[in-house]
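Please look over the protein below. The report that follows covers its pocket, its strands, its charged pairs and its aromatic rings.

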Amino acid sequence: MARRNDIIEAFVDHLGSNTDVFPDNVSRRFKYLDDVNDFPYITFVPRQENRDHRGDARKLAVLAIDLRVYVYDGDTSDVADECERLADQVEAAVDTFASTYRQYEVEEARVITLRTDDGLMTPYGIADLQLSILYEVEIT
């Protein structure tokens, strides 16, 4: 479990340093829109972890993460574009996560789904992403 927590904390730091979101506006606890006062904001919750036992006592774990991006733009004409731009930044950060944190045996990080509200929540924008992080489990 220690490696999982290390990976999650590293993921928070990675998102804060590779997107336009201030590091203090990245939370590993899920928050709803009415709980957020500072924008843009990234919130996520790690979900289940599936393990796959390979030969030679090797164990791999796939950590599923549900991530949400909140943006606010008083100029309602381009909030959907801003939401899409930030979601693309998050996707790019996820793509570089595995190569940046090899010390935690992270082998792969990828975005499974990405969807936005397409301006439905104007002047707010919401993007939902589902991610997976594949890493090797510590063998004790």
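## Pocket lining

By class, the lining of the largest pocket has 4 nonpolar, 2 polar and 5 charged residues. Here Ala, Val, Leu, Ile, Met, Phe, Trp, Tyr, Cys and Pro count as nonpolar, Asp, Glu, Lys and Arg as charged, and the others, Gly among them, as polar. The model is predicted: local features need pLDDT of at least 70, side-chain atom pairs count only at pLDDT 80 or more, and totals for chains, interfaces and linings use all residues. Residues are numbered from 1 along each chain as its sequence is written, and side-chain values use heavy atoms, with hydrogens and water left out.

The volume of this largest pocket is about 160 Å³. A pocket is an open set of points on a 1 Å grid over the protein atoms alone, where a 1.4 Å probe fits, with protein on both sides within 12 Å along at least five of seven lines; lining residues have an atom within 4 Å of a point. Grid points are joined across faces, edges and corners, and the volume is the space filled by probe spheres set on the points. The lining includes Arg68, Arg115 and Asp128. Strands S2 (41–54), S3 (58–72), S4 (106–116) and S5 (124–136) each supply at least two lining residues. Helices (H or I, at least four residues) and strands (E, at least two) are DSSP runs, numbered from the N terminus.

S5 is mostly covered, with 11 of its 13 residues buried. Buried means under 20% relative accessible area, exposed over 50%, and partly exposed in between (1.4 Å probe, protein chains only).

S5 pairs with S3 in the antiparallel sense over 13 bridges. S4 and S5 also run antiparallel, joined by 9 bridges. Two strands pair if DSSP finds at least two bridges between them. Leu129 of S5 is the bridge partner of Leu67. Leu114 also stands opposite Leu129.

## Salt bridges

Side chains of opposite charge can pair when their charged atoms come close. The count comes to 11 salt bridges, each a side-chain nitrogen of Lys or Arg within 4 Å of a carboxyl oxygen of Asp or Glu. Arg85 and Asp20 form one of them, at 2.7 Å, N to O. This pair links helix H2 (residues 79–100) to the loop between helix H1 (2–18) and strand S1 (26–27), 65 residues apart. Arg85 is partly exposed at 33% relative accessible area. Asp20 is partly exposed too, at 47%.

Asp128 forms a salt bridge with Arg68, the closest N and O atoms being 2.6 Å apart. That pair joins S5 to S3, across 60 residues. Asp128 counts as buried, at 16%. Arg115 also meets Asp128 in a salt bridge, at 3.6 Å, N to O. Arg115 is exposed, at 57%.

## Aromatic rings

A search of the whole structure finds 8 aromatic pairs. Rings of Phe, Tyr and Trp (its six-membered ring) pair if their centres lie within 6.5 Å; planes under 30 degrees apart count as stacked, over 60 as edge-to-face and the rest as tilted. Phe11 and Phe44 are edge-to-face, at 5.3 Å centre to centre and 75 degrees between the planes. They link H1 to S2, 33 residues apart. Phe11 is buried at 1%, and Phe44 is buried at 0%.

Phe11 and Phe97 are also edge-to-face, at 5.3 Å and 85 degrees. Phe11, Phe44, Phe97, Tyr101 and Tyr104 form one aromatic cluster.
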